[in-house]
Amino acid sequence: IDRYSPEIDEAALRVAAHLPGAYGSEWRTDLVARNLGAATATLKFVLHQYNGNLEGTGTISGRAQKAFEDIVLSLGGAASKGSLEICSDQPLLIAGRTFSVSTLGTFGQNFEGHVAALGYVAGDTISLIGLRQQEGAFRSNLSVTNGGTTDAEVGVILYDAAGTQLKTYNLTIPKGQVIQDIEP
């Protein structure tokens, strides 16, 4: 992929890592990408770091989602960190999670916030990518915050990695409250 071509989508994670940290922590980064196009997406990854870049490639089937676990190690970074550039010939939604690994599981998170007046309104559709679960190892939580002054109803539709609809349900969020679905 020529990353300078006008038909290439570019995205980035501010930081991606595979390295030891303080107090015995072991930092890792997983990348999840959803291909919004109908054709298979061809991806190029560039980890920009002080001592030289690491590069790799990947693919995602049309309209599918794929997890690239421990993306830095898969690019050859055994003790590395940097910003991760993602180039694709199809439009993508990207989510990254940097976390620490332990014998008790993984610990880390990403939050995106919105000021109440700038949040979502009735009729908006939002795509969340990267919700994953592996029994005994990790799971994703789904939290919905209602910053408004009246109760809100949110419809949730869950899909598998291939884009097949699995489940549909509603959450009622009281005004000014948060609802956490710990195992969607």
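Which residue's side chain does a polar contact of 2.7 Å join to that of Glu85? The partner is His48. The model is predicted.

## Glu85 and its strand

Glu85 sits in strand β6. Its relative accessibility is 8%. Buried means under 20%, so Glu85 counts as buried. The side chains of Glu85 and His48 are joined by a polar contact of 2.7 Å.

## Pairing of β3 and β6

Which strand pairs with β6 over 6 bridges? Strand β3, residues 41–48, does so, and the sense is antiparallel. Within this pairing, Phe45 stands opposite Ile86 in β6.

In a regular strand, side chains alternate between the two faces of the sheet.

## The chain overall

The chain has 184 residues, and 31% of them are buried. Its secondary structure consists of 14 strands and 1 helix.

Take the contacts between residues at least 6 apart in sequence: 65% of them join residues at least 24 apart. The accessible surface of the chain is about 11,600 Å². Carbon and sulfur atoms account for 52% of that surface.

Tyr120 lies in a loop. That loop runs between β8, residues 105–108, and β9, residues 133–134.

## Pro184

Pro184 belongs to the segment after β14, which spans residues 178–181. Is Pro184 buried, exposed or partly exposed? Its relative accessibility is 25%, so Pro184 counts as partly exposed. The band for that class lies between the buried limit of 20% and the exposed limit of 50%.

Leave aside residues up to four places away in sequence. Pro184 then touches Ser140, Asn141, Leu142, Leu158 and Tyr169.

Note on methods:
Residues are numbered from 1 along each chain as its sequence is written. This is a predicted model: local features need pLDDT of at least 70, side-chain atom pairs count only at pLDDT 80 or more; totals for chains, interfaces and linings use all residues. Side-chain values use heavy atoms; hydrogens and water are left out. Helices (H or I, at least four residues) and strands (E, at least two) are DSSP runs, numbered from the N terminus. Buried means under 20% relative accessible area, exposed over 50%, partly exposed in between (1.4 Å probe, protein chains only). Contact means heavy atoms within 4.5 Å. Accessible areas come from the Shrake-Rupley method with a 1.4 Å probe; for residues, only the protein chains shown count as cover. Two strands pair if DSSP finds at least two bridges between them. A polar contact is a pair of N or O atoms within 3.5 Å; within protein, one must be able to donate a hydrogen and the other to accept it, and residues adjacent in sequence count only if both atoms are side-chain atoms.
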